[in-house]
Amino acid sequence: YPIDLVKTRMQNQRASGSLVGELMYKSSFDCFRKVLRYEGFFGLYRGLLPQLLGVAPEKAIKLTVNDFVRGKCMQKDGSVPRLAEVLSGACAGASQVVFTNPLEIVKI
């Protein structure tokens, strides 16, 4: 999660220095160090609970769609053709993106 926190902070940084247009962080490593220095170790995990609550439905959607498509493509002997495996994975990934992308946009 610390990498995700640094990524989000880098995307959201505003010019807040004493000079006009000066950015708060110079690099990802600089952001990491400043969070650690000013907010402590647990500052790297700030906002983790909402993130974890968002992951559960995301994975549930992905696994449900994957199982649904695999079930529809299953042959009478219980096997699933390789192309059907690829199709089920693609459908699961696409549904995950469609349903969770708005949440990612709001997070930024």
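Reply: Accessible areas here come from the Shrake-Rupley method with a 1.4 Å probe, and for residues only the protein chains shown count as cover. On that basis the accessible surface of the protein chain is about 7,900 Å², with 67% of it belonging to carbon and sulfur atoms.

Me: Where does the model come from, and how is it numbered?
Reply: This is a predicted model, where local features need pLDDT of at least 70, side-chain atom pairs count only at pLDDT 80 or more, and totals for chains, interfaces and linings use all residues. Residues are numbered from 1 along each chain as its sequence is written, and side-chain values use heavy atoms, with hydrogens and water left out.

Me: How many helices and strands in the protein chain?
Reply: There are 4 helices and 0 strands, counted as DSSP runs numbered from the N terminus (helices are H or I, at least four residues; strands are E, at least two).

Me: At what angle do helix 1 and helix 2 pack?
Reply: About 105°, with the axes of helix 1 (residues 2-12) and helix 2 (residues 28-39) 9 Å apart. Axes are lines fitted to C-alpha atoms, for helices over the stretch in contact, and angles run from 0 to 180 degrees between N-to-C directions. That makes helix 1 roughly perpendicular to helix 2 (65 to 115 degrees; under 35 is roughly parallel, over 145 roughly antiparallel, the rest oblique).

Me: Which residues make the contact?
Reply: Helix 1 brings P2, L5, V6, R9 and M10, and helix 2 brings S28, C31, F32, V35 and E39. Contact means heavy atoms within 4.5 Å.

Me: Which residues are in the largest nonpolar core?
Reply: L5, V6, Y25, C31, V35 and L44, 6 residues. Such a core is a set of buried Ala, Val, Leu, Ile, Met, Phe, Trp, Tyr and Cys residues joined through side-chain atoms within 4.5 Å. Buried means under 20% relative accessible area, exposed over 50%, partly exposed in between (1.4 Å probe, protein chains only). Helix 1 and helix 2 each supply at least two residues of the core.

Me: What does Y25 touch?
Reply: Setting aside neighbours within four places in sequence, Y25 contacts R9, M10, Q13, D30, C31 and K34.

Me: Different spot. Is K72 buried or exposed?
Reply: K72 is exposed, because its relative accessible area is 63%. K72 is in helix 3 (residues 48-73).

Me: And Q51, where is that?
Reply: Also in helix 3. Q51 counts as partly exposed, at 22% relative accessibility. Its C-alpha is 9.0 Å from that of Y1, 50 residues away along the chain.
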